[in-house]
Structures are given as C-alpha cells and as structure tokens.
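I opened the model to look up a few points and wrote them down in the order I checked them. The entries follow.

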Amino acid sequence: MMQQKLTGIERGWWIVSLENRVWLPQGELPLGTASQWSLQGHIAQPIGEWEGETVWLIRQKMASGMSSPRLLADRDTKLFQLVGRGVQLAEFYRSHHFCGYCGHEMEHSQYEWACLCGHCEERYYPQIAPSIIVGIRRDDHIFLAQHQRNKNGMYSVLAGFVEVGETLEEAVHREVMEESGIKIRNLRYVASQPWPFPNSMMVGFLADYDSGEIVVDPVELICADWYHYDNLPLIPSSDTISRRLIEDTVALCRQQ
Ligand SMILES: [Zn+2]
C-alpha cells in the first residue's frame, strides 16, 4: 500500500514496529503529529483509522521503548486489533524480501498488502493461522485448564491450531479430545478475535459435555477440572475471547 516519507505535519496514531515488537514510549501508543514524536523523514503507510485519527505504520526499531503488543491486550479491542495488524504487516514485509519459489528480490504492491515477484509473477499475502477456542459446560460447571505455555496461575478454556485439511468443527473436537480426553456435543460458533501472537485468528465456540473422564495431556496442560460457576479459579481479566467464552458459559450455568 502507499508509502510516504513523513514531512512532520502528518497526524495520527503511530505504530512503529519490527520483529513483533511495538514502540510504546511511556507505555502507550503515541498520538499526535509526526514532528511531535520526531518521526519526520521516516517512511510510513496508513493502515487504518481509530477514534477519527489515521493509524500509521512505520516498519523499524526505535532505540528504546520497543515492547510486546501484549501490553495493549487489555485496552480498547479495536486499538489492540490495529496494533496487531501493524505488528503482523511489519513482520510480513520483513520475512518477504525474496521470492520463495525463484529467490528473486520482491516489490511491495501499491494497492494491497502483498509482495510481488517480478521474475516469476508470484504474489504473497500475509498468512493468518486459524485457531479454535472453546468454552465447555457440564450442567452448572465449566471446564477450565492451566496451560503449559502460560505459567502465570491463570485458568482458561481450551484452544489450539487448526490443522491442514481440517474443518473448524473437527479441530475443536480433536483438540478437546487430545488435551482433555472428553467428548463434547452441541458445538456452536460465538465470535472471533485476531490474535497477533504471532499471526492467529481465534475462532470461538461454546459446547456441552457429552462423555468421558478428564485425562490431561501433560505436554499442553498443567491441570484441568470442572469448576462450579460461582467458585472459579483465576481467569483472564482482559477483554479477550477467552474471557467472553467463560462469561457466556457461566451465564448458561446460572440458568441451570
Ligand atoms: Zn519468484
């Protein structure tokens, strides 16, 4: 998409990102004119709009203040989404200097987020990896697990990547069986959330317990159990899809 050299008068939110990090001077995403943040002379491209202001992407590293985009996960959902877009686009361009088929240097498309090979005509787009995430209810209890990848004492619902040649529904049934040993039924779609760690799309479902006893996969989970809805362990507090699925399941438990 159209890139431009900043003169200083351009205004908006500034996503300065490289290597999955984002510039958060004073812990926040900078807002204001380019000159206010000494960004004149840098190459930038608009990637969206938030609160009536342009959101710009500058693909580079700053000397200090480069942070994980996770720090913004509990802020406004739309802002977090745009930061995720910026971080992923910066990573996409960084990993597509050369064509994977013929090895020639590539150009950026001026019209879309894509890299073009002028030699073999191949076109590359940012890749998004679909993952499923599911809240499971058994009468007035919810299934929650502590995940190995997330050693902060937090309990959450089950999640996992969709495999090649698999439907979303098949992925949910397989992940639940592999990680917990239980069978589910009445699977229904709820919502989705782009998740830039590094390039997932979380597709959220609710389901009911069908049969089986919990057998934890120790590679993926530390522990897992059924929790009564008014006696939950520590759960994610931020405005995430996992939190939403837990709350939706708790609401159904209450109706029991
Ligand atoms: Zn090529």
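Is strand E11 (residues 129-138) largely enclosed by the rest of the structure or open, and why? I found that 7 of its 10 residues are buried, so E11 is largely enclosed. Buried here means under 20% relative accessible area, exposed means over 50%, and partly exposed lies in between (1.4 Å probe, protein chains only).

The model is predicted, so local features need pLDDT of at least 70 and side-chain atom pairs count only at pLDDT 80 or more, while totals for chains, interfaces and linings use all residues. Residues are numbered from 1 along each chain as its sequence is written, and side-chain values use heavy atoms, with hydrogens and water left out.

Entry on the partners of E11. I looked up its pairings; two strands pair if DSSP finds at least two bridges between them. Strands (E, at least two residues) and helices (H or I, at least four) are DSSP runs, numbered from the N terminus. E11 runs parallel to strand E16 (residues 200-211), and 9 bridges join them. Within that pairing, serine 131 has methionine 202 of E16 as its bridge partner.

Entry on the metal. I checked which residues hold the zinc ion: Cys99, Cys102, Cys117 and Cys120 coordinate it through their SG atoms at 2.3 to 2.4 Å. Donors are N, O and S atoms within 2.8 Å of the metal (3.2 Å for Na, K and Ca); water is not among the atoms, so sites may look incomplete. Along the chain, the donors follow the spacing C-x2-C-x14-C-x2-C. The angles among the 4 donor atoms are 99 to 117°, and the site is tetrahedral, a term that for four donors requires all angles between 85 and 135 degrees. Cysteine 99 counts as buried because its relative accessibility is 4%. Cysteine 102, at 29%, is partly exposed.

Entry on the whole protein. I recorded 3 helices and 17 strands. Of the 256 residues, 46% are buried. The C-alpha trace spans about 60 × 45 × 30 Å along its principal axes.

Terms used: Four donors count as tetrahedral if all angles lie between 85 and 135 degrees; four count as square planar and six as octahedral if opposite donors are over 155 degrees apart and all others between 65 and 115; anything else is irregular.
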